[in-house]
Every structure is written in structure tokens, then in C-alpha cells.
Amino acid sequence: MKVTWLGHAAFLFDFSGVMVVIDPYISENPACPVKLDEIEHVDVVLVTHDHFDHLGDAVKIAKKFEAVTAGVPEFVNWLSSQGVKAIPGNIGGELDLGKGVKVRLAPAFHTCSRGVPVGFVVSRGDEVVYHAGDTSHTAYMRTIGEMYDLKLACLPIGGTYTMDAEEAILAVKDLRPKYVIPMHYNTWEAVRADPEEFARKVREETSSQPVVLSPGESVEL
Ligand code: NI
Ligand code: MN
């Protein structure tokens, strides 16, 4: 699995050629060095909630590549109205998105305008990724840790709008992923955080391995 961090909460996952993008805040993202035109192919577009720093270029990307998306009905109905192929589901259920990709909608403690915010557990074969979206720590993270053998968790550490690094450590302990990538930090002053400090605590206090990326950087996990 190849993972590319596009800055903020935007990630591109390459599951053996099946491309999944989450929260594609690209063209307006001050932290994203990648141009929208440089994204060559996308099969699945997932958006945790409709705040601008997560919805980003999702509609444009989904339409360009005829990619499928999924989410809570109130949000995907709106995505459908924009011409996007959208599969409705809700928290706790697992949705089959085709091409071997399955997604479970996880609760996120946050706000939004359409429906409710979610996180995603995305799996393809035995490769399982949890993207928390914008949230505090939630009790459901322990459920995810018990249900799945997570290869990767992408967790916000910036505080102010989401959990901070201290809370993210509690999340890592519950989720027990093999790898953890911090996100949603240093995009603006309000989400200032030190990813190396977070990484040090992950190594000291958990058995997970921190992976600190620069925006635009890829890693094979
Ligand atoms: Ni938000
Ligand atoms: Mn956000």
C-alpha cells in the first residue's frame, strides 16, 4: 500500500492500483504542493464531512474520474445532486464500493452542515486504514481496534477544531495500528503542533510506529 499525504487531512491511498482519496482539499489547501491536474486516477472519493477543508475538490475529482463516493444520506444526497455517484450508508455499517474496497463509517465528534461528520475504516483485502476525520477521541476507537487489525491510522493532532496530540495518543492506544500518521496540523496557526513530539510519544507510550510525512510525500507501508 502506498500512502501520499497531500497536507491537512487529504490522503491518496494506492491499494495495488485501486486509488482512494480521502478529504481532497487540494487546490485551495495552503499546505498542499500537489496540483489538482497531477492526480492521475481516482476510483473512490471519501469525504468525512462538508467543511471546506475536507470537501475541497471532491466533486470535481469524482466527476472527472467517474469515481464513487459514500457517506451518510444527508450528505451523499447533496453529492448526488452535484452529479457524483454516491452510495448512502450510516455509522456502524460497512459498504461495498466495488474493486475490492469496503468502508465502515465511524462516528466523529464534530459538527457539519449536512448530516453528521464521520471517520472511515477503509479496507481492501487485509490492508485496513482508519482515517479519523475531524474528531475528538471517541469510545468507538476501541471498537475499531478490536474489530480490525489496522495497518494504519491517520489521526488529527492540531487541536482547536479536533483532538490534539495528547488525545491522539489515547486514540493510538485504543486503535493499536501498525503505523500512525499525524494530520490536520500546521496548515494554519490555529492548528499548530509538533509532529516530531507526537512521534516521540507514540514510540514511548505505544507499540505503534509513527510515520511523519511532509505534504506531498509518499510512503510504502
Ligand atoms: Ni471540520
Ligand atoms: Mn477540518
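Select His51 first: this residue is partly exposed, with a relative accessible area of 23% (buried means under 20%, exposed over 50%, partly exposed in between, with a 1.4 Å probe and protein chains only). The model is a predicted one, in which local features need pLDDT of at least 70 and side-chain atom pairs pLDDT 80 or more, while totals for chains, interfaces and linings use all residues. Residues are numbered from 1 along each chain as its sequence is written, chains are lettered from A and ligands numbered from 1 in written order, and side-chain values use heavy atoms, without hydrogens and water.

Next, display the nickel ion (ligand 1). Its protein donors are His49 (NE2), His51 (ND1), His110 (NE2) and Asp134 (OD), at 2.2 to 2.3 Å. Donors are N, O and S atoms within 2.8 Å of the metal (3.2 Å for Na, K and Ca); water is not among the atoms, so sites may look incomplete. Along the sequence, the nickel donors are spaced H-x1-H-x58-H-x23-D. His51 lies in the loop between strand 4 (44–46) and helix 1 (52–55), and His110 in the loop between strand 8 (101–107) and strand 9 (118–124), so this pair ties together parts that are 59 residues apart in sequence. Helices (H or I, at least four residues) and strands (E, at least two) are DSSP runs, numbered from the N terminus.

Now centre on Asp134, which bridges the nickel ion (ligand 1) and the manganese ion (ligand 2), 3.4 Å apart. Which residues hold the manganese ion (ligand 2)? Its protein donors are Asp53 (OD), His54 (NE2), Asp134 (OD) and His184 (NE2), lying 2.2 to 2.3 Å away. Their spacing along the chain is D-H-x79-D-x49-H. Asp53 belongs to helix 1 and His184 to the loop between strand 12 (179–183) and helix 6, so the two tie together parts that are 131 residues apart in sequence. Both Asp53 and His184 are buried.

Tyr161 is partly exposed, with a relative accessible area of 46%. Leaving aside neighbours within four places in sequence, Tyr161 is in contact (heavy atoms within 4.5 Å) with His110, His184, Ala190 and Val191. The C-alpha atoms of Tyr161 and Ala190 are separated by 8.5 Å, although the residues are 29 apart along the chain.
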